[in-house]
Amino acid sequence: MFHHSSKSLPQYTVSEGEENVGIGLHLFRNNLGNVIVKDTKAGGAAEQAGILPGAVILSVDDMAVFNLELKDVRKMIMGPVGSTLRLLIKSPDQDHAERVTVRRYKDMPRLNPSLSPKVLQSHDLTC
């Protein structure tokens, strides 16, 4: 069902004049290789879709993200304004994973002000 390898990662391109945007996620990868939501941007697309801190992202557009580098996961999440992506996530308060479709949009609010730059570590990534 899910697959990935460095050779099969999708290559996203941006046409001239287009801009890639994210969905307002602050991610980290734990020691087990899971990609976890550390926080969401207040009012951002991820928050509006109900994605909670602590959720494990299992796939992006049907591509497994387990053990991928965060920079590769970010490339998968970023895309043109108005486009959508499908996430398979397991929220910390649920026993099962669920599919969530999120639309990318521009001019998202800033990351939660309670997160100071000291909290953003080198192994974290915002997208």
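**Legends: overview and two close-ups**

**Overview. The chain runs β-β-β-α-β-β-α-β-β-β-β along the sequence.** The model is predicted: local features need pLDDT of at least 70, side-chain atom pairs count only at pLDDT 80 or more, and totals for chains, interfaces and linings use all residues. Residues are numbered from 1 along each chain as its sequence is written, and side-chain values use heavy atoms, without hydrogens and water. The protein has 2 helices and 9 strands. Both are DSSP runs numbered from the N terminus (helices: H or I, at least four residues; strands: E, at least two). Of the 127 residues, 38% are buried. Buried means under 20% relative accessible area, with a 1.4 Å probe and protein chains only. Contact means heavy atoms within 4.5 Å. Among contacts with a separation of 6 or more, 66% join residues 24 or more positions apart.

**Close-up 1. Ile-89 sits in strand E7, residues 84-90.** Is Ile-89 buried or exposed? Ile-89 is buried, because its relative accessible area is 1%. Which residues does Ile-89 contact, leaving aside neighbours within four places in sequence? They are Ile-51, Val-56, Ile-57, His-96, Ala-97, Glu-98 and Val-100. Arg-99 is 10 residues from Ile-89 along the chain, and their C-alpha atoms are 6.4 Å apart.

**Close-up 2. Ser-91 lies in the loop between E7 and strand E8 (98-103).** Ser-91 counts as buried because its relative accessibility is 3%. Leave out residues up to four places away in sequence, and Ser-91 touches Ala-55 and Glu-98. Glu-98 is also one of the contacts of Ile-89.

Methods: Buried < 20%, exposed > 50% of the residue type's maximum accessible area, 1.4 Å probe, protein only.
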